[in-house]
Amino acid sequence: MEKYMYPSRDEWKSITARPPIDADELQDTVRTILEDVRLGGDDAVKWYEKKFDNASLGGLMVTADEIDEAVRQTPEELLDALALAHDNICKFHASQRMELQKIETAPGVECWQKSVPIEKVGLYVPGGTAPLFSTVLMLATPANIAGCREIVMCTPPGKDGTVNPAILAAAKIAGVHKVFKAGGVQAIAAMAYGTESVPRVYKIFGPGNRYVMVAKQMVSLHDVAIDMPAGPSEVCVIADDTSNPAYVAADLLSQAEHGTDSQVLLITTSEALSFSVENEMEAQLKVLPKHDIAAKALENSKVIIVKDKDEALALSNMCAPEHLIIATDDCFTLADMVVNAGSVFLGKYACESAGDYASGTNHTLPTHGYATAYSGVNLDSFVKKITFQHLTAEGIRHIGRAVEVMAGMEKLYAHKNAMTLRIKDILND
């Protein structure tokens, strides 16, 4: 990891800059697949599944029997863990329900907002060497709590044409009944445009590789909404002399093993702590099964020594990390200073892994600095807010003239007339 000793604020922007995401080279390939699926439907999806996943498929939809068999194949211990995580995710996301509140903004003018579920949502769950069954819970659980009428899930099959049993078990627990064997760009296209088998949805959620991310962004221009833009996964740890070096090292490595392009950052007020963490990382890395991946990610990772906690939080807020771990004894005081982060983990026991799986918060989060403007997936991600207003004659008396004046000044005379007619009728009553 590259180390920076007390850098000036002028250097912070360059230090925290992520490598640019160059999607230009992928766009032609992605555009071709999207168009092929839009025109060719199921047959195009199957063709690309054969090409990319070496899977020869009959039907795309996973049958109820396949789901039941997958549950039987899943170890009991994992089923119990999935059930526990699902319960906690339910509790946290159910608490986010909005209560309807009517407000009288002026006498005779009543306004309110209603939360309405998005009718059709699509969930993309990566498979392959690292099947993300936890993502099934993170996406399907709030979708069900929100009341989405149709939940469609796509996930790539293996070479034998079957879906990873743990993914299907998680789908069963989370209440997903429409699961399709499709991965990559072809899955995004199927949900964006609809095929003979895969229903067209109104919003697509879920992580994926660079091709999937580009596909989501391209279909979002004209055809369907998406959860958020995304880049490689990342973590920032703020630590001091009260932090546990072994824990900090483990948290940094847990992010580094995601991929060679993962972003790992340690900000600390303690030079001694930084050396202890580096020694711990070296020892832990030796026995890590994904040693090569994590080691490659660490080559582009950074340790930054700052003079005090104020600088540490200011630097973190500039970085706007996907995951922020504040591993200090005064973590709650520092938490009040956080303004840009996807999800925050407080104290020495709050490892990122807890949020990734079972604490109850969502692990689908903004990366690449998007936490400056985007939230992670939550209950609101699966609903839309519709506003209502009701005006009485008294309401017209209170705001009518203001509407006339403003519409006239904007030269929207039909707007003005719509109010003028009502004012005249009320005055003539």
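Visitor: Which residue of strand 7 is the bridge partner of V121?

Guide: In strand 7, V121 has K203 as its bridge partner. A word on the model: it is predicted, so local features need pLDDT of at least 70 and side-chain atom pairs pLDDT 80 or more, while totals for chains, interfaces and linings use all residues. Residues are numbered from 1 along each chain as its sequence is written, and side-chain values use heavy atoms, with hydrogens and water left out.

Visitor: How do you know that strand 4 and strand 7 pair?

Guide: Two strands pair if DSSP finds at least two bridges between them. Strand 4 and strand 7 (residues 203-205) are joined by 3 bridges, so they meet that rule. The two run parallel. Strand 4 also pairs with strand 5 (residues 150-155), in the parallel sense, over 5 bridges. There, V121 stands opposite I151.

Visitor: What makes strand 4 largely enclosed?

Guide: Of the 5 residues of strand 4 (residues 120-124), 4 are buried, so the rest of the structure largely encloses this strand. Buried means under 20% relative accessible area, exposed over 50%, and partly exposed in between (1.4 Å probe, protein chains only).

Visitor: Why is helix 6 called mostly covered?

Guide: Helix 6 (residues 165-174) has 10 residues, and 7 of them are buried. They are A166, I167, L168, A169, A170, A171 and A174. These buried residues pack against helix 3 (64-73), helix 4, helix 5, strand 5 and strand 6 (178-181).

Visitor: Why are helix 4 and helix 5 called oblique to each other?

Guide: The axes of helix 4 (residues 76-94) and helix 5 (residues 133-146) cross at roughly 40° and come within 9 Å. Angles under 35 degrees count as roughly parallel, over 145 as roughly antiparallel, 65 to 115 as roughly perpendicular and the rest as oblique. The pair therefore counts as oblique. Helix 4 passes helix 5 in a right-handed crossing, a term for the near helix being turned clockwise from the far one by less than a right angle.

Visitor: Which residues make the contact between helix 4 and helix 5?

Guide: Helix 4 brings L78, L82, A85, H86, I89, C90, H93 and A94, and helix 5 brings F133, L137, M138, T141, P142 and I145. Contact means heavy atoms within 4.5 Å. By class, this contact has 11 nonpolar, 3 polar and no charged residues.

Visitor: What makes strand 2 and strand 14 edge strands?

Guide: They belong to an open sheet of 3 strands in the order 2-3-14, with antiparallel pairing. Strand 2 (103-106) and strand 14 (383-391) each have a single partner strand, so one side of each is left without a neighbour in the sheet. From one strand to the next, the twist averages 30°. Strand 2 is joined to strand 3 (residues 109-117) by 3 bridges, and I103 stands opposite C111.

Visitor: What is the strand order in the open sheet of 6 strands?

Guide: The order is 1-11-10-9-12-13, and the pairing is parallel. Strand 1 (2-5) and strand 13 (343-346) are the edge strands, each pairing on one side only. Inside this sheet, strand 9 (residues 234-239) and strand 10 (residues 263-268) run parallel and are joined by 6 bridges, with E234 partnered by Q263. Helix 9 (residues 245-256) lies across strand 9, strand 10 and strand 12 (323-326), running at about 170° to strand 9.

Conventions. Axes are lines fitted to C-alpha atoms, for helices over the stretch in contact, and angles run from 0 to 180 degrees between N-to-C directions. Ala, Val, Leu, Ile, Met, Phe, Trp, Tyr, Cys and Pro count as nonpolar, Asp, Glu, Lys and Arg as charged, and the others, Gly among them, as polar.
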